Amino acid sequence: ALYIVNVERNGKIIYTWKGNQRNTHIGLYDLQTKQNEHLYMFEKDLRIISCSVNSERTLLAVSFRQYPEEERVSRLLQSVSKYLALLIEIHPINNVRVLKAVDSCVRVQFLYPAEGRNTSTESRLLLVSEDKYIEQFDIHVVAEEEQKMVIQNPGQLPRARVADDLIWAQWDMMEQRLFYIVPKESTSTLKCVQFYPDENFNSILESHLDISVNGTQLKLVNFGYDYCQDRDVASKSLNLQVFTSKAGGLCVCCSLASDIPDEIMYSIYFLHKGYNKTFKVSLERTESHQLKEVAFMNLDYYVAAYLPGQFLHLLNIQHPDLLCYSLFLTGEDARIDKLQNCSIRSPLMSTVLDCHAGSMYAVSISDSALLQFLQNSKRDSERLAALHCALLHFRHMEHLEMQVIWWISENLSTCHSFDPIQEFIIASLYCRMCPETHNLDKLLPYTSLLDWIGIIPGVTCATDIISLPVLEFQNSKGFWEKLNSNLESVKYAEPHLHYHSNVLRREWR
C-alpha cells in the first residue's frame with residue numbers, strides 16, 4: 001500500500017511503499033507533470049514519521065522510529081536511540097548522515113527557495129523536536145567528480161534556533177510560513193515566522209488567543225503524517241488549524257471540548273476581522289463510535305467544519321459577520337464522498353488528506369449539488385446561504401446563473417425574510433466588481449440585509465471581540481500586505497465607511 005508522508009511546495013507529494021522483501025521505498029509524485037520519481041530505498045521495514053526532499057532533489061531528510069529488530073541498522077549508524085533523523089545524499093545515492101539520534105520524536109522539513117532562483121549549492125532544513133523546539137540547519141553541497149553532489153563540512157552544519165516552548169506548530173509549505181503557539185498563563189499566543197528566499201526569517205505576526213492549552217501534548221500539522229502517532233495524540237492535543245486566503249483572510253479553526261453529551265463545539269477566529277465565532281451543534285442521532293473530532297478544510301473563500309455523518313458547515317471568510325453567508329448542511333447534503341473517516345487534514349487549499357488511509361483528494365463545491373440544494377431548500381436561512389454561495393461560484397457560468405434566475409422567479413412569494421431579486425442584483429454586482437478594484441469590497445454592500453436573525457435549527461452561535469494581531473513587516477507584498485489592509489479597515493473604516501442603506505435612502509429623498 002502507498003502512504004503519503006508529506007506534501008512539498010508546488011504540490012510535490014512524497015510517498016512510501018513496502019517492497020517484496022519488506023524494503024521501504026520513498027517516491028516523489030509531481031502534481032503538475034503527473035510524473036513519479038523513485039528517490040531512495042531502505043533495505044528494512046521502517047515506520048517513517050516524516051520525510052522531505054530539497055528543491056534540487058539532491059538531499060533527502062528522513063525521520064523514523066526504530067524497532068528492536070532494527071539493531072543491525074542501529075549498529076551501522078552507531079545509535080541505539082528510539083528515533084533517528086537522517087540526511088541522505090541522493091544525487092547520486094551516496095552518504096547517509098545522522099542529524100539526530102534521540103528518544104523523543106523529530107520531524108524534518110526542507111525550505112524551498114523562490115521559483116527560478118538558482119540555489120543548487122545551498123539547502124535549509126527545519127528540524128522539529130517533540131521537546132518543543134524548532135531549529136534550522138544550513139547545508140552546503142559541492143559537486144565532485146561524475147556529477148556527485150556531496151555535503152560540505154558534514155560534521156559542522158550551522159544551525160539557528162527558530163522557536164522554543166511551543167505546544168502546537170503548523171507548516172504552510174506553499175508560502176513558506178511557520179505558525180506556532182506558545183502557552184501563556186491563562187491564554188496562548190499565536191506567532192508566525194516567514195521564511196524568505198534570501199535565507200532570512202522573521203517573526204512577523206503575534207496574536208493572543210483565548211485557548212486553554214494546559215495539559216495538552218505537542219501537536220504538529222503538515223510536518224509529515226505519522227498515522228499511528230496521530231491517532232495516539234489526537235485526544236490529548238489541540239485540534240487546531242490555521243488557514244489563509246488570497247484576499248488576506250487569516251482564520252484559526254479550533255475544536256473545543258463540551259460538557260454536554262451529543263454536543264459539538266468549535267471556534268473560528270477571524271483574525272483579519274477582530275472577532276471569533278463559537279458554534280455549538282446539538283447532534284440528533286449519535287453512536288459512541290461515530291463521535292469523532294471536527295475536521296477543518298480550507299476552500300479559499302470558505303472554511304469548512306466537517307463532522308463525518310453529521311454536518312458540513314461552510315463559513316464565508318470575507319464576510320463572516322452575517323450568518324446569511326454561512327451554509328450549514330446535514331444528512332445526505334453533508335456527505336463528502338470518500339471522506340467518512342475522522343482523521344482529516346487540509347495541507348493545501350481545496351485539498352484534504354485522509355490520514356488514516358494515506359490518500360489525498362481535491363475538494364470542491366459541486367455546482368449541480370448546490371443548485372439542487374437551492375431548489376429543494378425549505379428554510380429562508382438555507383435559501384439565502386445557497387443563493388449567495390451559487391452567485392459566488394457561478395459568476396463566469398451564464399447557464400448556471402440562468403437556472404438561479406429561474407429559481408428566483410418561481411420562489412418570489414416563498415422567501416419571507418429577504419427579497420431574492422434584490423439579493424441577486426447586489427451580490428452579483430459585488431462578485432463582478434470587487435476582483436477588478438482593490439479594496440472596493442470594504443465599501444460595497446454584499447447583501448441587502450443589515451442583520452440576519454435567521455436561526456439554524458440545532459446550532460447556536462456566540463460572537464466575541466478579540467484583539468487584532470500585531471504585524472511587523474517591511475516591504476512585504478502579497479498576503480501580508482492584504483492582511484494589513486484588512487486590519488486597517490477594521491481599525492478605522494468599519495462600520496463608518498461601509499455602505500449603509502439608511503444613508504442611501506436619505507440621499508435618494
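In helix α3, L370, F373 and L374 meet E382, R383, A386, L387, C389 and A390 of helix α4. By residue class, this contact of α3 with α4 comprises 7 nonpolar, no polar and 2 charged residues. The model in which these contacts occur is a predicted one.

Helix α3 spans residues 367-376 and helix α4 spans residues 380-393; their axes come within 9 Å and cross at roughly 150 degrees. Angles over 145 degrees count as roughly antiparallel, and α3 and α4 are therefore roughly antiparallel to each other. The crossing of this pair is left-handed.

The buried residues of α3 include L370, L371, F373 and L374. Viewed down the axis of α3, the buried residues fall within an arc of 160 degrees, so they line one face of the helix. In general, an α-helix has 3.6 residues a turn, so residues three or four places apart point the same way. The packing partners of the buried α3 residues are β26 (327-330), α4 and α5 (398-410).

E382 lies in helix α4 and has a relative accessibility of 19%. Buried means under 20% relative accessible area, so E382 counts as buried. When neighbours within four places in sequence are left aside, E382 is in contact with L327, F373 and S377. Of these partners, F373 is one of the α3 residues that meet α4, and F373 is itself buried.

A further helix pair is formed by α5 and helix α6 (residues 420-433), which pack at an angle of about 160 degrees with their axes 10 Å apart. That angle makes α5 roughly antiparallel to α6. The crossing of α5 and α6 is right-handed. From α5, the residues E401, V404, I405 and I408 take part in the contact, and from α6 the residues P420, I421, F424 and R432. This contact divides into 6 nonpolar, no polar and 2 charged residues.

| Helix pair | Axis separation | Crossing angle | Handedness | Contact residues by class |
|---|---|---|---|---|
| α3 and α4 | within 9 Å | roughly 150 degrees | left-handed | 7 nonpolar, no polar, 2 charged |
| α5 and α6 | 10 Å | about 160 degrees | right-handed | 6 nonpolar, no polar, 2 charged |

Helix α5 also links the two descriptions, as the buried residues of α3 pack against α5, while α5 packs with α6.

Definitions and conventions:
Residues are numbered from 1 along each chain as its sequence is written. This is a predicted model: local features need pLDDT of at least 70, side-chain atom pairs count only at pLDDT 80 or more; totals for chains, interfaces and linings use all residues. Side-chain values use heavy atoms; hydrogens and water are left out. Axes are lines fitted to C-alpha atoms, for helices over the stretch in contact, and angles run from 0 to 180 degrees between N-to-C directions. Helices (H or I, at least four residues) and strands (E, at least two) are DSSP runs, numbered from the N terminus. Angles under 35 degrees count as roughly parallel, over 145 as roughly antiparallel, 65 to 115 as roughly perpendicular and the rest as oblique. A crossing is left-handed if the near helix is turned anticlockwise from the far one by less than a right angle, and right-handed if clockwise. Contact means heavy atoms within 4.5 Å. Ala, Val, Leu, Ile, Met, Phe, Trp, Tyr, Cys and Pro count as nonpolar, Asp, Glu, Lys and Arg as charged, and the others, Gly among them, as polar. Buried means under 20% relative accessible area, exposed over 50%, partly exposed in between (1.4 Å probe, protein chains only). The arc is that of the directions from the helix axis to the C-beta atoms.
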